[in-house]
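I set out to record what I looked up in this model, entry by entry. The entries run from the overall fold to single residues.

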Amino acid sequence: MYYNDSSFWINILCGCVLIGLIPAAIAHNKGHNFVVWWFFGAAIFIVALPMAILLKPNARALEQEAISTGGRKCPYCAEIIKREAKVCRFADAKLSLYLTRFTRMTYLSFYNKLIQVN
Ligand SMILES: [Zn+2]
């Protein structure tokens, strides 16, 4: 009997472990724990797959990951943009014109002096 053969159960186990990668990958792309979803998917794939598809993205985790892989928050709209970006594609703002508090104060005091002279 094939069911009594240990290789049958090993094949089933390997199949579950492999098929569990699908919901795990979907959940991981939405910022959730890959290993937890891999176990869940391997154990009960038929439940884990629709749950992974309907899962809401974990915005905070995705943001953290984007920052750790070379992104930064736009000072205008708080969207994650590339670190080297000079223009924000979300806010359509020129980031090079973004002044720190110090440079803004320096600029303002210089501007005020100009006004007083004229
Ligand atoms: Zn922006």
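Entry 1, overall fold. I counted six helices and two strands in the chain. The model is a predicted one. Reading from the N terminus, I noted the order of elements as α-α-α-α-α-β-β-α.

Entry 2, burial and contact range. I looked up the share of buried residues, and it is 10% of the 118 residues in the chain. I then took the contacts between residues at least 6 apart in sequence; of these, 28% join residues at least 24 apart.

Which residues form the largest nonpolar core? I listed eight: Ala24, Ala27, Trp37, Trp38, Phe40, Ala42, Ala48 and Ala52. At least two residues of this core come from each of helix H2 (21–29), helix H3 (34–43) and helix H4 (45–54). H3 gives the largest share, with four residues.

I next checked which residues of H3 are buried, and found Trp37, Trp38, Phe40, Gly41 and Ala42. Against which helices do the buried residues of H3 pack? I recorded helix H1 (6–19), H2 and H4 as their partners.

I located Pro23 in helix H2. Is Pro23 buried or exposed? I classed Pro23 as buried because 25 other C-beta atoms lie within 10 Å, and the cut-off for a buried residue is 20 or more. Setting aside neighbours within four places in sequence, I found Pro23 in contact with Trp37, Phe40, Gly41, Phe45, Ala48, Leu49 and Ala52. I also looked up the pair Pro23 and Ile46: they are 23 residues apart in sequence, and their C-alpha atoms are 9.7 Å apart in space.

With residues up to four places away in sequence left out, Ala48 touches Pro23, Trp37, Phe40 and Gly41.

Where does Ala78 lie? I placed Ala78 in the loop between strand E1 (71–73) and strand E2 (80–82). I recorded a positive phi of about 70° for Ala78, although this residue is not a glycine. I classed Ala78 as exposed because 11 other C-beta atoms lie within 10 Å, and the cut-off for an exposed residue is 12 or fewer.

Note on methods
Residues are numbered from 1 along each chain as its sequence is written. This is a predicted model: local features need pLDDT of at least 70, side-chain atom pairs count only at pLDDT 80 or more; totals for chains, interfaces and linings use all residues. A nonpolar core is a set of buried Ala, Val, Leu, Ile, Met, Phe, Trp, Tyr and Cys residues joined through C-beta atoms within 7 Å. Two residues are in contact if their C-beta atoms, placed from the backbone, lie within 7 Å.
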